[in-house]
Amino acid sequence: MGILVDENTRVVVQGITGREGSFVANEMLRYGTKVLAGVTPGKGGEVVHGVPVYDTLKQALAAHPTINTSLVYVPPLSAKDAAIEAISNGIRLVNIITERVPIHDTADLYSYAVGKGARVVGPTSVGILTPGKCKLGPIGGTNPDFQFKPGRIGIVSKSGSMTSETAWVLCQAGFGISTALSVGGDVIACSTFADLLPLFEADPDTDAVVMFGEPGGVYEEQAARLVKAGGFTKPLVAFIAGKFADAMPSGITFGHAGAIMERGLGSPLQKVEALRAAGVRVADVHHEITTLVAEALAQRAVAV
Amino acid sequence: MNLYEYEGKSLFKKYGIRVPEGIFINAPQNAGNIEAFVEEVGEVAVKAQVLSGKRGKAGGVRFCKTAEGAELAVELLLHATIHGSESVGVLVEQRLAIVGEYYLSLTFDGWHRAPVVILSQQGGMEVEELTQRHPEKTVIRPIDSIFGLPEWKAREIAAEAGFREERMRKMADLMVRAYRCFRENDIRLLEINPVIETPKVNFFAADAVVILDDDAMTRHRDFNYPPRGGLGRPLTERELQAKLIDQNDYRGVAGKYIELDGDIAMMSAGGGGSITNMDALISYGGRPANYTEYGGNPPAEKVEKLTRVVLSKPELTACWHVGAVANNTRVDITMEGFIAGLRAIRPPFPIVVRRGGPGWEEARAALERAREELHLDMTIFGPEMPMTESAKVVLQKSEEYKSKLRGLNC
């Protein structure tokens with residue numbers, strides 16, 4: 001089963017005629033993802049890798065009424081417009097791959113999505129992948145089977161490249177993946193760890209989740225609060241990158257967060273502390289997550 | 001991009017936010033009108049224009065009652081170094097009579113995932129201190145980004161923060177103007193600390209902290225702010241060279257380079273991967289010579305330029321070229337750039353590569369050929385080696401190289 005995407009996912013790619021958009025549409029088709037249509041204003045009537053292109057999302061939906069998911073692959077200043085176009089046409093899941101979306105635009109579209117009850121993942125997401133069922137976005141590149149074997153561990157990460165690296169390390173250790181996704185490292189992420197953990201909690205095919213956090217913001221702290229409040233009860237293993245930054249000269253931002261430290265929160269060490277206090281296992285070095293996952297599953301098996 | 005106070009204030013003026021009368025001076029030959037200015041306005045504050053905070057405590061602000069005093073202060077502060085950054089000029093401002101000091105800022109907040117306004121009766125201190133020490137005097141309210149900040153809402157916030165009557169009305173007006181400025185200029189942080197109240201109950205922005213959203217610069221072609229470091233210290237020569245890499249070339253990113261004082265050169269790919277690997281290296285006892293993160297499928301030339309910058313730092317003992325198994329970055333192309341850089345520099349110290357992703361097998365073969373051709377001590381790992389585990393190999397190699405050097409010196 002997994003979360004968010006599966007064999008029932010029907011995709012429209014907004015920005016399909018762009019260099020990256022068409023490349024990724026092709027990768028998705030090769031994986032077996034059902035990409036039914038593309039949208040690029042002004043390029044209606046073209047065909048990209050066998051996928052028909054429309055001028056508007058409304059036209060795409062009229063021709064392919066089963067579309068339920070949009071992948072946004074448009075330039076940064078158009079991302080807000082594209083996402084709102086999708087939501088206002090009734091699309092319930094929008095995944096924004098575009099990086100460097102202005103924060104005022106993200107705030108607007110997040111506010112709009114909440115009002116409409118739509119789920120947006122991103123901006124700066126690398127996509128969502130449920131092994132063997134659906135690859136949405138560039139996640140896993142041209143050869144996702146290499147890093148993402150089917151299995152029962154969920155992955156949610158701020159970083160795109162570390163989503164795949166985390167999956168790779170887990171699969172090397174004999175685990176498999178239920179669903180992996182990256183939520184992006186922007187100050188406003190339209191979906192956060194705390195938004196997604198309840199979906200993994202409800203997913204019968206996920207036994208444990210690995211989360212990858214970064215400096216800045218409060219989303220790791222929110223996840224810790226959720227766990228503490230009993231909102232996520234499955235084993236959770238975390239890695240928080242950027243601990244070194246605490247020891248670096250102030251005023252330098254590392255990683256893509258560029259986030260403002262908020263009210264005494266946001267530093268990696270505080271995130272680690274908050275998560276550990278909530279009972280989450282936190283790896284000191286990234287590749288140690290596999291040992292912690294194994295430990296957590298063994299302990300749960302004993303408890304059950 | 002952070003704005004200097006004088007830039008922030010001139011932006012404020014366009015929105016009808018009151019700021020003290022002032023003149024900006026960036027060179028001694030432009031300082032001629034100080035006398036007339038002091039004569040006109042009376043006591044002045046002379047303020048060094050630097051981006052670091054806590055400028056006052058570091059001696060960057062002088063109050064002067066006479067033209068001579070002001071001229072001396074201008075001379076002193078014109079190119080003063082405050083907390084490691086050189087002043088770009090001075091702002092000479094009228095010193096206003098003050099009956100109250102308040103705090104106002106607009107920023108984004110992860111709890112609400114929205115813009116927030118922070119308003120407090122308690123001005124002058126840092127916001128962290130404010131919210132910790134005087135939470136009851138500090139109002140933090142989210143703003144619906146689509147709807148904006150209407151006047152009625154601004155009045156509610158001002159009233160909640162304890163402003164009454166005329167003060168309430170005027171503070172609400174200031175907030176509405178500040179929000180328009182924040183929104184229309186794609187500002188990530190707009191802070192006025194303190195807002196000062198004069199005896200006639202007018203509010204003035206006594207300081208201005210403005211951080212523009214770099215991601216929105218392309219829709220503000222009219223902005224004309226000169227480039228600046230923002231590291232809290234001047235850029236090093238190599239940092240300046242690195243900055244040029246991404247100029248006028250938007251394919252991928254390879255120009256983020258921050259010099260540190262260690263001896264292991266980092267060529268790291270991906271934002272998340274780069275910080276993960278820095279952690280790993282440091283936790284095993286290594287000292288990175290720099291921070292970098294390249295990604296987004298940059299062309300080979302960009303990676304070559306970055307390689308030359310990273311490897312040109314003196315007294316390196318190893319280079320770690322490390323990245324996650326890439327999703328879409330063409331590893332064969334980026335490694336081609338790395339090899340071109342190696343060919344130019346021919347490093348005597350050991351190199352450890354760990355990478356994977358599209359084109360990795362071709363990249364590995366090219367690296368092996370380069371190793372032979374250039375007689376390099378290069379260890380090459382693909383995805384079979386966990387990324388962070390290869391940190392241990394780098395450290396071992398670096399130690400070997402150091403003892404070899406020590407042997408030569410004996």
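This is a predicted model: local features need pLDDT of at least 70, side-chain atom pairs count only at pLDDT 80 or more; totals for chains, interfaces and linings use all residues.
**Reading buried rings, strands and charges**

Trainee: How many aromatic pairs does a search of the whole structure find?

Mentor: Rings of Phe, Tyr and Trp (its six-membered ring) pair if their centres lie within 6.5 Å, and planes under 30 degrees apart count as stacked, over 60 as edge-to-face and the rest as tilted. Over all chains there are 11 such pairs. In one of them, the ring centres of A:Phe244 and B:Tyr291 are 6.1 Å apart with planes at 25 degrees, so this pair is stacked. Because A:Phe244 lies in the loop between strand E13 (236-240) and helix H9 (268-277) of chain A, and B:Tyr291 in strand E16 (residues 290-292) of chain B, the pair joins two chains; helices (H or I, at least four residues) and strands (E, at least two) are DSSP runs, numbered from the N terminus. A:Phe244 counts as buried at 5% relative accessibility, and B:Tyr291 is buried at 0%. B:Tyr179 and B:Phe182 form a tilted pair, 5.6 Å centre to centre with 45 degrees between the planes, and both lie in helix H6 (residues 165-184) of chain B, 3 residues apart, about one turn of the helix.

Trainee: Which residues of E3(B) are buried on each side?

Mentor: In a regular strand the side chains alternate between the two faces of the sheet. Here B:Val44, B:Val46 and B:Ala48 are buried on one side, and B:Ala45 and B:Lys47 on the other. Strand E3 (residues 44-48) of chain B is joined antiparallel to E4 (residues 61-64) by 4 bridges and to E7 (residues 90-94) by 5 bridges, where at least two DSSP bridges make a pair of strands. B:Ala45 stands opposite B:Phe63 in E4(B), whereas B:Lys47 has B:Leu91 in E7(B) as its bridge partner.

Trainee: Which side chain of opposite charge is nearest to A:Asp203?

Mentor: A salt bridge needs a side-chain nitrogen of Lys or Arg within 4 Å of a carboxyl oxygen of Asp or Glu. A:Asp203 is buried without one, and the nearest side chain of opposite charge, A:Lys234, is 5.9 Å away.

Definitions and conventions. Residues are numbered from 1 along each chain as its sequence is written. Chains are lettered from A and ligands numbered from 1 in the order in which they are written. Side-chain values use heavy atoms; hydrogens and water are left out. Buried means under 20% relative accessible area, exposed over 50%, partly exposed in between (1.4 Å probe, protein chains only). Lys and Arg count as positive and Asp and Glu as negative; His and the chain ends are not counted.
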